[in-house]
Amino acid sequence: MSTTRRVRPAFGGLSAPAQLTVEGAGIVSGAAVFVVVGAVALLLFWGRTLPIAGPGSVGQFVAIAGGIIGFLAYVAGRLWRRTGLTPFETARPAGGAVGAVHRAGAVDIFDTFAIALAHGILALLGWLVLGAVLANGFQDATVYHFSATVLAAAAAGVTGYAVFLSAARMDLMRLSTVLAAFAVVGILTSMLSAPDPHWWQLHLSALGMSQSVSSLAFNLTLILAGVIVTALARYATDTRGITDPARRAAVMRVRVGLILIGVLLAGVGVFTLNISVTLHNVSAVGMVLVFALVVFWVRRALPAAPRSFFVLGYVFFGAIVLMLVFFAVGYYVLTAAELVAGVLVFSWLIVYLRVSGAAAESAENIHVGEA
């Protein structure tokens, strides 16, 4: 057995020269976006004075452009890595060859589409929120066409650069960050734009019941987050290389559980209360119940995880039960119970992705060191 230690790359799973190559490609991507969006903005803005936010504003243009660029830049980043339309490389591909990649299938293309869409919507909502904040800070200010063009081109260029690098270095660890940012920005956008400022007096799902942009943001966030969780379930529960039948079965149970959580999360957004109370409640309650099962299944599926991870799951489960009891006795309103339960379930999923990614990376390092 060799004792040779593997020199780990600085970040992103790539060597230093490869990192510089990725950075160079990212700069080219951002520069190309800057030129194209700048030309389009100049044609649209010429001779006009624009508001910072709102209809026909710089912020609105940047948000729409950022959403489109975010989607296209992610796909370009995956294709540039020559991995095909796969979300990211798995730690230990079939056959045990570390670093090998498989050809993209229909499921891989769908997964990549969902993650690319998440980047696009994240850019769209992020720039909308930033535009609203800036408009509030610069009351009644307007922007001349040349300044608006440069600002819009720069914002789009930064989006293209950041998303391209995100795609080129995507793994489970980074995807957990994207998923968290997407959910937070989406829900906050819905809350801040809700037509009824007292929506919280009803329940969290009230955000998705109107015909407003707020409801669209809320429901779309839940649906796409559910699709992403479903898509990444098979990557976070890779059974290749597992020879123990009992552990393999446990991993498959966790995979099914994660897929169900994703489907039910999307169901909460699809079946709003004004569409079907029964299906909405079944999706919400079912997600919590499946989460409880996964929390107790994951110990056998991921034995290398730190003990603190398992304890965290039990604590989250206990906190959800306690919140439901408080709601049942009338101590808390339904919004508080829903919000706490949703945040805890989603937080655990993000932590699981990071722990699973770290475990896969550790297994890969051991495998290379023993080769």
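Visitor: What makes Phe34, Val35, Val36, Val40 and Leu44 a nonpolar patch on the surface?

Guide: Together they have about 440 Å² of accessible area, worked out by the Shrake-Rupley method with a 1.4 Å probe, where only the protein chains shown count as cover. A patch takes residues with over 30% relative accessible area and no salt bridge, and it joins nonpolar side chains (Val, Leu, Ile, Met, Phe, Trp, Tyr) within 5 Å, or like charges within 9 Å. By the way, this is a predicted model: local features need pLDDT of at least 70, side-chain atom pairs count only at pLDDT 80 or more, and totals for chains, interfaces and linings use all residues. Residues are numbered from 1 along each chain as its sequence is written, and side-chain values use heavy atoms, with hydrogens and water left out.

Visitor: Why is Phe34 called partly exposed?

Guide: Buried means under 20% relative accessible area, exposed means over 50%, and partly exposed is in between (1.4 Å probe, protein chains only). Phe34 has 37%, so it is partly exposed.

Visitor: Is Arg169 buried or exposed?

Guide: Its relative accessible area is 10%, so Arg169 is buried.

Visitor: How do you know that α6 is mostly covered?

Guide: Of its 24 residues, 17 are buried.

Notes
A salt bridge is a side-chain nitrogen of Lys or Arg within 4 Å of a carboxyl oxygen of Asp or Glu. Helices (H or I, at least four residues) and strands (E, at least two) are DSSP runs, numbered from the N terminus.
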